[in-house]
Amino acid sequence: MTHPLTIRLDNCAKTWPDGTRALAPLNLSIDAGETLALLGPSGCGKTTLLRMICGLESADEGGRIRFGDDDVTQVAPEARGVGVVFQGYALFPNMNVAGNVGYGLKIRGVDAASRRRRVAEMLELVELEALAERRIDQLSGGQRQRVALARAIAIEPRVLLLDEPLTALDARLRQQLRVDLAKLLKTLGITCVIVTHDQEEAMMLGDRVAVMSAGRLEQLGAPETLYRDPASPFVADFLGTLCRLEGGEVATRHGVAALTFRPHEVELAPPGQGLPARVQARFFLGSHIRFELALADGQRFTALAAPDAIWQPGDTVSALIEQARVA
Amino acid sequence: MRHSRFDTRLGLTATLAVVAFLIGPVLLSVTAGVTRNYFVGLSSGLTLDWIVQVWDLYADTIWRSYAVALATLAITTIIGVPAAWVLTLFPGRLSRLLEELLTLPVAVPGLATALALIVSWGSVGWLRSSVAFIVIGHVLFTLPFMVRAVRAGMQGADLMVLDEAAATLGASRRRRFFDIIVPAASSGIVTGALTVVTLSIGEFNLTWLLHTPLTKTLPVGLADSYASMRLEVASAYTLVFLLMLLPLMVGLQWIAARSTRHGGLGLGAST
Amino acid sequence: MGRRRAWLVIAAPAVVLFLAFWLLPMAKLAGIGAATPQGMDASAYWLVVTQPRYWQSLINTVALSLGATLATLVIALPVSRFLARHPDFPGRRVLMSLLLFPLAFPGVVVGFLVILATGRQGVLNTLSKALSGDPMVLAYGMAGLFIGYLYFLLPRTIGVLMTAVEGIDKHWLEAAQTLGASPWRRFVDIELPALTGALTAAGAMCFATAMGAFGTVFTLGTRIDVLPITIYDEFTNYANLPVAAALSVVLGLATWAVLYVANSLAARTARGN
């Protein structure tokens with residue numbers, strides 16, 4: 001594998017021809033060998049940012065993109081040497097598995113024998129050796145994902161970009177492939193950008209996570225930092241459920257205007273100790289029980305409790321909010 | 001996605017060239033139809049005399065073509081809409097075979113169909129000498145277009161479930177057909193109807209062999225004028241024909257633009 | 001299922017009409033083709049394949065139709081790609097309407113338009129005489145017929161190919177681009193294979209339409225030796241019904257077979273994708 005590169009974006013914005021702003025001017029630096037996860041809801045500009053890095057979209061006037069010391073702003077996608085795994089994979093239906101994986105090498109004029117060797121190597125890496133001659137429509141979703149990955153890294157890209165690589169798969173398979181992908185990215189040691197709307201995926205795969213919203217970078221940092229120290233309510237809410245209570249009882253008990261917390265930060269106890277609340281619904285989820293609660297003034301919040309919690313709908317409990325934070 | 005500049009230039013050039021190739025001759029024809037003397041050119045002045053002359057000579061073919069088209073439309077609607085519903089209800093092999101068979105009169109050259117009709121039914125005197133003979137030919141040629149358009153309309157709505165729901169509510173088959181199925185397929189029926197009328201008004205290949213001197217339709221008259229009239233009259237007659245087609249084509253394109261984005265019209269006049 | 005079966009009866013009128021006015025007449029026509037024409041010593045089918053003047057006409061028709069089909073596909077492809085890829089191009093709707101309007105023109109009218117453009121009093125001739133002094137008249141021969149075929153085949157093909165181009169997943173092209181493929185390689189390696197089915201189907205439709213075209217030739221001049229004119233001549237001028245029938249059946253079978261094979265091929269590639 002080639003030596004990993006840093007990626008630097010300076011003042012990169014994107015405005016569509018109809019005038020809508022997809023991306024506000026943005027500066028971003030991705031370290032060599034790092035995996036950066038772009039996380040945000042659909043339409044937040046994360047895919048546009050990814051497409052700008054690989055050259056499929058150009059940045060507005062004044063934006064600059066650098067790979068290491070090379071300014072690639074004006075370089076066409078076909079000359080940037082980036083490996084891309086597209087959402088839905090975009091495997092060529094007119095070629096078999098080996099044909100797909102070897103296509104980039106064929107374009108580069110690699111001779112047939114070396115190509116075969118390299119394709120075999122790649123398929124071994126993603127554990128698909130046996131399927132080299134398969135047609136694309138004979139593959140399962142998980143197999144397609146791995147073929148797409150093999151095709152992207154076969155060209156020894158300087159940068160690897162993945163657009164929602166696991167979204168098309170069902171939940172169980174996604175868990176498995178997430179682990180495999182994390183391992184593979186560590187092995188490759190390549191600079192990688194991964195776009196996802198799934199916070200768990202972002203936190204598992206990204207060395208750092210960039211949370212985006214409405215064309216803006218909200219916060220950039222290690223997953224733990226983002227979770228423990230969110231810069232805005234949006235970031236806090238996007239990385240897991242965030243509850244918010246304010247006024248009245250909260251002000252008297254905690255001495256603050258409003259309280260934000262996560263459901264697992266609430267402890268439920270018999271009435272009389274903390275905020276009095278009424279259990280409205282109870283969902284048994286195996287490893288824990290999820291309670292939907294309401295204060296006397298109608299404000300609602302969620303709490304997670306151990307699976308042996310005894311409260312039932314209609315019970316009055318008191319909520320002890322542990323790591324109470326000022327909102 | 002960015003397009004290569006070469007692609008765009010080639011595409012634009014080819015598109016404009018093809019439009020010029022298709023529309024240029026139409027403009028020539030329109031001009032010739034209203035020019036006093038085409039060989040002298042526009043300097044000879046504009047006139048509607050040729051159109052008046054066409055009306056004097058060929059008005060009967062115009063009315064007859066409309067009559068044939070409406071009769072064809074009535075028959076293709078009455079027998080085509082039920083056939084389309086049956087084909088939708090039974091999406092199996094047999095139904096594909098039936099649709100394939102009904103499409104044969106379009107796949108096979110009109111000349112062959114016309115000869116077959118003549119050798120089998122030409123000896124029935126009253127039929128041979130009436131416009132009904134032409135209508136039969138037109139129904140054979142246009143029915144597949146009606147069936148296809150109506151089926152496309154029926155597949156959009158989940159009609160089979162609606163029909164079953166109406167059945168559980170106690171509606172008879174006749175009620176269901178007219179209350180549920182026909183309204184749901186109405187946009188398909190309108191598309192089919194415009195297509196049928198357009199094709200019938202322009203049909204020549206069958207009609208040329210099926211017509212008698214007393215049952216000339218518009219295209220037959222056109223062929224006649226091309227062979228025997230001066231260029232201006234032939235052009236004026238063509239102009240009248242184009243004006244008859246125009247509202248039908250505008251209607252078809254309007255419906256096509258409203259329902260789906262792509263540009264294919266399921267239409268092809270007899271060549 | 002039994003409840004549904006009761007619906008079958010309403011398709012009966014269509015079936016009866018088809019049997020009475022198409023299938024049985026066609027069978028009768030095929031039977032007539034087996035008869036021996038007056039003054040001949042073999043069935044019309046035999047004559048049709050053995051007599052040079054018939055199979056020459058067949059070869060002419062096939063060659064002309066094939067040429068017109070290929071030319072149509074080559075011209076229609078860049079037009080369809082342009083229109084499909086530039087949905088926001090100003091005036092696109094007008095261009096589309098202009099391209100599709102000729103769909104409604106019958107062959108006779110197409111023939112007349114060819115005469116206006118390339119006939120003795122045509123624009124082409126006027127231009128040619130003005131520029132080089134030599135007359136240029138194409139309308140009344142094979143060249144004119146070829147132009148006429150292009151005229152009615154182009155609108156039919158452009159619509160079909162546009163839909164096919166719109167159906168190509170643009171991510172395939174982008175994936176190829178990030179893998180280093182130039183525009184030309186993307187066209188050859190990704191786009192053309194994805195369009196094979198549509199090109200085959202459109203080509204077959206063109207070929208079948210051209211083979212059976214009668215109105216256009218009829219206007220341009222009945223001396224052009226193609227099959228529909230031969231059939232018409234045998235029927236009206238020589239009253240040779242058996243040969244006209246045999247030629248019709250051969251022509252009908254040929255066009256139907258081309259369409260059938262191409263459509264099954266296209267359906268198979270569509271499923272393969």
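**View 1. Strands E6 and E7 of chain A run parallel and are joined by four bridges.** Strand E7 covers residues 159–163, and within it A:Val159 is the bridge partner of A:Val82. Strands are DSSP runs of E, at least two residues long, and helices are runs of H or I of at least four, both numbered from the N terminus. The model is predicted: local features need pLDDT of at least 70 and side-chain atom pairs pLDDT 80 or more, while totals for chains, interfaces and linings use all residues. Residues are numbered from 1 along each chain as its sequence is written, chains are lettered from A and ligands numbered from 1 in the order written, and side-chain values use heavy atoms, without hydrogens and water.

**View 2. An open sheet of six strands in chain A has the order E6-E7-E8-E3-E9-E10.** Its pairing is mixed, where two strands pair if DSSP finds at least two bridges between them. Strand E6 (82–85) and strand E10 (216–221) are the edges, each pairing on one side only.

**View 3. Helices H5 (residues 92–100) and H8 (residues 142–166) of chain C pack at about 135°, with axes 8 Å apart.** Axes are lines fitted to C-alpha atoms over the stretch in contact, and angles run from 0 to 180 degrees between N-to-C directions. C:Arg92, C:Met96, C:Leu99 and C:Leu100 of H5 meet C:Pro155, C:Ile158, C:Met162 and C:Glu166 of H8, contact being heavy atoms within 4.5 Å.

**View 4. One salt bridge is counted between chains C and B.** B:Asp7 pairs with C:Arg81, the closest N and O atoms being 2.8 Å apart; the criterion is a side-chain nitrogen of Lys or Arg within 4 Å of a carboxyl oxygen of Asp or Glu.
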